[in-house]
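Reader: Hi! I'm new to this one, could you walk me through it?
Author: Happy to, let's look at it together.

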Amino acid sequence: MTGLPLILAPLLPLPVLIALGLLALAIVLTGLIRRARGAILRALGFILLLAVLAGPRWQIRTTTPLPDIAVILRDKSPSMAIGHRTRLADAAFHHLVRTLPPATRLRVVTVTGAANDGTPLFAALHDALAAIPPDRLAGIVAITDGEATDAPIPIPPGVPVSALLAARGNQTDRALTLISAPRYGLVGHHADLRFIIRDHGVNDRGTKVPVTITVDGKTASRVMAPVGTPMNVKLRIAHAGTSVVAVAAQPLPGEVSVANDQAVFDLAGVRRRLTVLLIAGAPNPGLRTWRLLLKADPAVRLVNFTILRLPTEPLAAPVHDMSLIPFPVNQLFGRDLGKFDLIILDQFANDDLLLPPYLANITGHVRAGGALLIEAGSEFETIDSLDRSPLEPILPARPYGAGTVTGRFTPTLTREGQRDPVTAPLAHDHRGPWYRYESVQQTAGVSLLRTSGPAKAPLLILAHAGKGRVALLLSDQFWLWARGALAGDTSMAGPAEPLLRRTVHWLLGEPSLDARQLTAHFKGTTLTIERRSLQGGPPGQATIVDPAGTTTKIALHHAGPGRYTATLPAPAPGVWQVKARRMTAYAGAANDDPAEQADLAATDRIFAPLADRSGGRIVWLGHTPHPGWSGLLHRRHAALVTGARDIPVPPAIPAALLAALLLVAGWWRERG
């Protein structure tokens, strides 16, 4: 039971009570000035009467003590997995739970850092305190490594804030952070990389640190980077496709972890706008289709020439009346041939237009790394066939058999076409009929498209020639698919646009379209491996080397024609190497929580000021693994009111009678 001060419950309105009090005071003062007998008795009577009218009451409450509440902020962020932090933190937590003082309740707040925003300790604490009455909060204890990625919050007065740090003392750590990392860049050009090195727990600003930059596991450059100052490096983009770039600093002696000494990112090499030379041997129905499909690709810059007549053909009109543009043979196939990434010969014959030296230039250009696409028509079977020209050594087929074959057929993917990345995505597309193809004998490369029926004649052959590539389309009916799509005729339509686009990009060396390839990439912390091959046989296995150098073997599984895949958890950041069938691929696992990895050193930097201001403690669990509650809690003595009653002081009726008697006695004495 608890007694509280007097409370007033006036029987009259307060202004009336004040007026009566002033009137009584005037009467008493007048009597005292006149020295009238009975003035003291009259004053006592007025005081007692006013006390009755004021209604004083003594309030008595019945209360029940409430238990204090202690908050434990339990840090389970990824940085707590370093060293023995988790073991120390768990041991301290279980000890505190076992030794919790009587009349104390525990609220445990766990921070996992799973939202990739570092360790938001104080945000979690703010949410927990919102549900706790401040007068019952006896203490806040954080079991952590001392790192938080958000700012401290105001703490109610009188509440101690303590930290149990899972280490033996303040630690050091080196962190390399990417300020700007290029995601794309032009092949053959340079991209700007910008990073900074920070050392925590040691004052060595300006010290030069060796930094190694690797691209797909091979050293690209080594630089000396000053601590605390941004560093710029230029990266040369050597090839198209994705490369894995790793930037690694030399470890700081004695640092707690080397996990954040490096940063990894993917750099995609893209070619400049590709220049394509399209030459049609004569006007034909498919020429417009070629132009539309090529110009629809924003990565292609098209140069087109159509041969309307040969130089030896007679003119039906004087030359000065003709407006035809002379064909710039010497410029295209002499001086400027190297400017073209791809040459397309559409139904082009080996006639007097291009002399053998010019055709030999094309052959040399392809073998040096260029690309050639030929759409063959009936001219391929004649004496003017390109097979009878200096292009013959790089052609993957030669005329053979029935020559030009006419009749309805449906282009079909070959076994290799179902596996090759160029045509495999088109396996389920509708393909309308064609009506003419050239009969040949394949001498090189791989056939991806063939005729239906028993002939199974090749229609699309891809081949390598030196450092370059050649594609041979053995029908002049390709345009039917595009025409059917434009006309909305689904029976005639076919995958003209994707087939041409993928063929062109294969010719230009797109790595993702290689028939034999090994790729690896990350999705979260899962490494996915894919091997592609045109050959059959068992899937085999892959060998994985993690960033620490540990080797693991994993079996591949059949995932489709020519596709073999495998997945495995790969939580460690850094460069992962995958090998299979004499091929090597790289995948970069970046830190999925840069805020968490920015500083991994255990420290009292954040909690020491809070503990000093609030009267809490800093305990290093490496020295004191089982701390007690002493100094972690301040008793609050909160209570819950369970009942209350009021006692009038003085009792109203007796006090009123006594006041009347005193007033009468004062009047009587004054008369006497």
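Author: One term to start with: buried means under 20% relative accessible area, exposed over 50%, and partly exposed in between, with a 1.4 Å probe and protein chains only. This is a predicted model, where local features need pLDDT of at least 70, side-chain atom pairs count only at pLDDT 80 or more, and totals for chains, interfaces and linings use all residues. Residues are numbered from 1 along each chain as its sequence is written, and side-chain values use heavy atoms, with hydrogens and water left out.

Reader: Great. Is Ile-40 buried or exposed?
Author: Ile-40 counts as exposed because its relative accessibility is 54%. Its place is in helix α2. Helices here are DSSP runs of H or I with at least four residues, strands are runs of E with at least two, and both are numbered from the N terminus.

Reader: And which residues make the nonpolar surface patch of about 1,000 Å²?
Author: Ile-40 is one of them, along with Leu-14, Ile-18, Leu-22, Leu-25, Leu-29, Leu-32, Ile-33, Leu-44 and Ile-47. Helices α1 (14–34) and α2 (39–54) each supply at least two residues, and the largest share, seven residues, comes from α1.

Reader: What about Ala-24, buried or exposed?
Author: Ala-24 lies in helix α1 and counts as buried, because its relative accessibility is 7%. Leaving aside residues up to four places away in sequence, Ala-24 touches Phe-46 and Leu-50; contact means heavy atoms within 4.5 Å.

Reader: How far apart are Ala-24 and Leu-50?
Author: They are 26 residues apart in sequence and 8.9 Å apart in space, C-alpha to C-alpha.

Reader: Switching topic: which residues of helix α4 are buried?
Author: In α4 (residues 121–129), those are Leu-121, Phe-122, Ala-124, Leu-125, Ala-128 and Leu-129. Seen down the axis of α4, they fall within an arc of 155 degrees, so they line one face of the helix. That arc is taken from the directions from the helix axis to the C-beta atoms.

Reader: What do they pack against?
Author: The buried residues of α4 pack against β3 (68–75), β4 (104–111), β5 (137–144) and α12 (607–614).

Reader: Zooming out, how many helices and strands are there?
Author: The chain has 13 helices and 34 strands. Its radius of gyration is 46 Å, well over the 26 Å that the globule rule gives for 672 residues, so the chain is more spread out than a compact globule. That radius is taken over C-alpha atoms, and the rule is 2.2 Å times the number of residues to the power 0.38.

Reader: What does the C-alpha trace span?
Author: About 165 × 60 × 50 Å along its principal axes.

Methods. Patches are made of residues with over 30% relative accessible area and no salt bridge: like charges are joined within 9 Å, nonpolar side chains (Val, Leu, Ile, Met, Phe, Trp, Tyr) within 5 Å. Accessible areas come from the Shrake-Rupley method with a 1.4 Å probe; for residues, only the protein chains shown count as cover. A salt bridge is a side-chain nitrogen of Lys or Arg within 4 Å of a carboxyl oxygen of Asp or Glu.
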